[in-house]
Amino acid sequence: MSLVDELKSAVTPRAALLVVGVFALQLLFITSYVGALHNPKPVDVPFGVVAPERVADRLVGQLEKLPGDPLDPRAVASADEARDKILNREIDGALVVDPAGRTDTLLVASGGGTVLSSALEKITTRVVATQQRTVRTVDVAPASPQDFDGLSAFYLVVGWCVGGYICAAILAISAGSRPANRERAVIRLGVLAVYSVLGGLGGAVIVGPILNALPGSVAALWGLGTLVVFAVGAATLALQSVFGIVGIGLAILLVVVLGNPSAGGAFPAPMLPPFWKAIGPALPPGAGTWAARSIAYFKGNDMTASMLVLSAWAVVGSAVTLVLASMGRKQEADPIAAEVER
C-alpha cells in the first residue's frame with residue numbers, strides 16, 4: 001500500500017475536517033483570550049458623585065471629560081444612597097466630597113473585582129489632586145481575604161461550566177451524539193440533572209466551608225451551581241442533537257472561547273473591550289460569575305437578569321434536545337464513539 005493510500009486509510013475525510021475544526025478553535029481561543037485581556041482599561045464605569053449641587057455639577061462635568069471616558073458619572077444625593085447603589089450593583093463606586101475639609105471619600109466594592117476598585121482609586125486620586133485635595137478609600141463590599149483578586153467566583157463558575165459540557169460530551173461519546181428517541185433524550189437530561197445537583201453542591205461546599213474562599217449562602221451557591229451546570233450541559237446536548245459530535249466543539253466555542261474571557265472574571269465588564277463586554281452577560285460564564293459575586297458580596301442583589309439568562313439556556317437546550325429526539329432522526333454511527341468502545 002502506498003503512502004498516500006495509508007494516509008487516506010488512517011485519516012478519513014471526517015477526521016480531517018474535525019482536525020481543521022480543532023485548529024480553528026485553537027486560533028479562536030488565542031484571539032479571544034488575548035483580545036479580551038491584553039489591554040484592560042475602564043470605560044464608562046457607572047460612578048456616583050456626592051457633593052453640594054454646584055460642586056457636584058462641576059465635578060461630574062470634569063469626570064465626563066477625562067481622556068478615554070473611564071467613568072460614567074452621575075450625581076447622587078447622599079453617601080448612604082451611594083452605598084445602597086453600590087450594594088445594589090447600580091454603580092461600581094462613588095466619590096463623597098467633604099465640603100468642610102480637604103479629604104474626600106471614595107466608596108468601592110472590591111467584591112465585584114479588585115482590579116476595578118484599584119483603577120477607580122487611581123483615577124479619583126489624580127482628579128482630586130488637581131484641586132489640592134486627598135482621597136481615602138472605603139470598601140463597602142470587600143472581597144474575602146481568602147479570595148485573591150476576587151477571582152474565586154469566576155473559577156467556581158468555570159468549574160461548573162466545564163462539568164456541564166464534559167458530562168454532556170461523555171453521554172454523546174458513550175451512546176451516540178444524537179439521542180435515538182425521546183425516551184433516550186429524557187434519560188440524558190435526567191442524568192444531567194442529577195449530575196448538576198451534585199456538581200452544584202460540591203462546588204458550593206468547596207469554596208465555602210472547605211476553603212473559605214467565598215462568603216455568602218452555601219444553599220444559594222448550590223442552587224446557582226445546579227443551574228449553571230444544567231444550562232451548559234443542556235446547551236451542549238442541544239448542539240449535539242443538531243450538529244452531531246461537532247456540537248461539542250461548538251459548546252466549547254460558546255462557553256470556553258467566548259464565554260470565559262467575557263465573563264468579567266480576571267477583569268470586570270467595564271474593563272473589557274466592547275465586543276466581550278456586550279456578549280458576556282448573555283453567556284453562562286458571565287451570567288454565573290455575576291450571580292456568584294452577588295451572592296457572596298452583594299446580599300444577592302441584582303441577580304434577576306443573570307438567572308433569566310441561565311434559565312433560558314437550560315430551557316431552550318432541553319427543548320431542542322427533546323424536539324429533535326421526538327422527530328425520530330436516524331442515529332448516526334459515530335466514528336469517535338466507536339473508537340472509544342474498542
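Among the elements that line the largest pocket, helix H11 makes the greatest contribution, with five residues; helices (H or I, at least four residues) and strands (E, at least two) are DSSP runs, numbered from the N terminus. The model is predicted, so that local features need pLDDT of at least 70 and side-chain atom pairs count only at pLDDT 80 or more, whereas totals for chains, interfaces and linings use all residues. Residues are numbered from 1 along each chain as its sequence is written, and side-chain values use heavy atoms, with hydrogens and water left out.

The largest pocket holds about 580 Å³ of space. Of its 31 lining residues, Arg89, Ala269, Pro270, Pro281 and Trp290 are the closest to its centre. Two or more residues of the lining come from each of helix H5 (114–129), helix H11 (284–297) and helix H12 (304–326). By residue class, the lining comprises 16 nonpolar, nine polar and six charged residues, where Ala, Val, Leu, Ile, Met, Phe, Trp, Tyr, Cys and Pro count as nonpolar, Asp, Glu, Lys and Arg as charged, and the others, Gly among them, as polar. A pocket is here an open set of points on a 1 Å grid over the protein atoms alone where a 1.4 Å probe fits, with protein on both sides within 12 Å along at least five of seven lines, and lining residues have an atom within 4 Å of a point. Grid points are joined across faces, edges and corners, and the volume is the space filled by probe spheres set on the points.

Strand S1 (residues 45–50) is mostly covered, with six of its six residues buried, that is, under 20% relative accessible area (1.4 Å probe, protein chains only). Val45, Phe47 and Val49 point one way from S1, while Pro46, Gly48 and Val50 point the other way. S1 pairs in the parallel sense with strand S2 (residues 71–75) over five bridges and, also in the parallel sense, with strand S3 (residues 93–96) over four bridges; pairing requires that DSSP find at least two bridges between two strands. In S3, valine 96 stands opposite valine 50.

Valine 45 lies in S1 and has a relative accessible area of 0%. Its bridge partner in S2 is leucine 71; the two residues are 26 apart in sequence, yet their C-alpha atoms are 4.5 Å apart in space. Beyond its neighbours within four places in sequence, valine 45 is in contact (heavy atoms within 4.5 Å) with Pro70, Leu71, Asp72, Asp92, Leu116, Leu120 and Pro270.

How values were computed: Buried means under 20% relative accessible area, exposed over 50%, partly exposed in between (1.4 Å probe, protein chains only).
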